[in-house]
Amino acid sequence: MKLVFATNNPHKLKELQQILGGQIQLLSLADINCNEEIPETKETLEGNAAEKSFFIYNKYGYNCFADDTGLEIEALNGAPGVYSARYAGEEKDAVANMKKVLDQLKEIKNRKARFRTVISLVIDGREEQFEGVVDGDILTAKQGEEGFGYDPIFQPEGCSQSFAEMDAQQKNNISHRGRAVQKLANYLKTLNSDL
């Protein structure tokens, strides 16, 4: 089975190919010659993920999935949420985004937060969505060098390390994206066994 993963991030692509195994051949946007900016204009993670997957399906004719992820901080009423990537501006600067969050939480005791990933899968024009959530806390300073985005300031519940202090395997086992992808993988396996 061939599926397009609507991402330009080679790390994400590799991570997902490992989780999905050999049954699914993942194609990147480059593989289908999609070099345009895919719209993300919705106000929710669910809306953005669906917008991206339907854009590829409708324009390029491939079965496809796309994800959208947000960091939701309790004391900030769920912000940055759907605006996580561009929280400190359109440049999508991870360091600036983390600094903004740490500055906003400086005087705040409640540091509860969660990462949430929503995957939209479109096969033959029908959509299924899968969600993965991991609860945790925002640290008071960056810790670790691995990962990307907000990983250095997010410590998952029950862990003594930030996501950025874990290796890829450890993170994939408990991360929001890992959990959503596992649901996607289980669903695709049931489809494959029906073929």
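Ground rules before we start. Residues are numbered from 1 along each chain as its sequence is written, and side-chain values use heavy atoms, with hydrogens and water left out. Because the model is predicted, local features need pLDDT of at least 70 and side-chain atom pairs count only at pLDDT 80 or more, while totals for chains, interfaces and linings use all residues.

A word on labels. Helices (H or I, at least four residues) and strands (E, at least two) are DSSP runs, numbered from the N terminus. Two strands pair if DSSP finds at least two bridges between them.

Start at strand S1, residues 2-5. S1 pairs with strand S2, residues 25-27, in the parallel sense, over three bridges. Look at Lys-2: it stands opposite Gln-25 in S2. Between the two strands the chain passes through helix H1, residues 10-20, and this β-α-β crossover is right-handed. By that I mean that, with the strands pointing away from the viewer, the path from the first strand over the helix to the second runs clockwise.

S1 has another partner. Strand S3, residues 64-73, runs parallel to S1, and two bridges join them. Val-4 has Cys-64 in S3 as its bridge partner.

Now the rings. How many aromatic pairs does the structure hold? Five. Rings of Phe, Tyr and Trp (its six-membered ring) pair if their centres lie within 6.5 Å; planes under 30 degrees apart count as stacked, over 60 as edge-to-face, and the rest as tilted. Take Phe-5 and Phe-65. Their ring centres are 4.6 Å apart and their planes are at 15 degrees, so this pair is stacked. Phe-5 lies in S1 and Phe-65 in S3, so the pair ties together parts that are 60 residues apart in sequence.

Are these two buried or exposed? Phe-5 counts as buried, at 1% relative accessibility. Phe-65 counts as buried too, at 0%. Buried means under 20% relative accessible area, exposed over 50%, and partly exposed in between (1.4 Å probe, protein chains only).

Compare Phe-154 and Phe-163. That pair is tilted: 5.4 Å centre to centre, with 35 degrees between the planes. Both residues are buried. Together with Phe-115, they form one aromatic cluster.

Phe-163 also has a charge over its face. Lys-171 lies there, at 5.5 Å from the ring centre. Lys-100 does likewise over Tyr-87, at 4.3 Å from the ring centre. The test: NZ of Lys or CZ of Arg within 6 Å of the ring centre and within 35 degrees of the ring normal.

Next, the hairpin. Strand S5, residues 112-123, runs antiparallel to strand S6, and twelve bridges join them. S6 covers residues 126-138. Arg-114 stands opposite Asp-135 in S6. Two residues separate S5 and S6 in this hairpin. S6 also pairs with strand S7, residues 154-156, in the antiparallel sense, over three bridges. There, Asp-137 has Gln-155 in S7 as its bridge partner.

Stay in S6 for Gly-132. Gly-132 is buried, at 1% relative accessibility. What does Gly-132 touch, not counting residues up to four places away in sequence? Phe-115, Arg-116, Thr-117, His-176, Arg-179 and Ala-180. Contact here means heavy atoms within 4.5 Å. The C-alpha atoms of Gly-132 and Val-118, 14 residues apart along the chain, are separated by 6.6 Å.

On to helix H3, residues 94-104. Asn-97, Met-98, Val-101 and Leu-102 are buried there. Seen down the axis, the buried residues of H3 fall within an arc of 130 degrees, so they line one face of the helix. The arc is that of the directions from the helix axis to the C-beta atoms. What do these buried residues pack against? S3 and S6.

Last, the backbone. Most residues other than glycine have a negative phi, and most peptide bonds are trans. Here are the exceptions to look at.

Ala-79 and Pro-80 are joined by a cis peptide bond, with omega about -5 degrees. Pro-80 is found in strand S4, residues 80-81.

Asn-33 has a positive phi, near 60 degrees. Asn-33 sits in the loop between S2 and helix H2, 45-60. At 58% relative accessibility, Asn-33 counts as exposed.

Asp-124 has a positive phi of about 50 degrees. Asp-124 lies in the loop between S5 and S6, in the turn of that hairpin. Asp-124 is exposed, with a relative accessible area of 59%.
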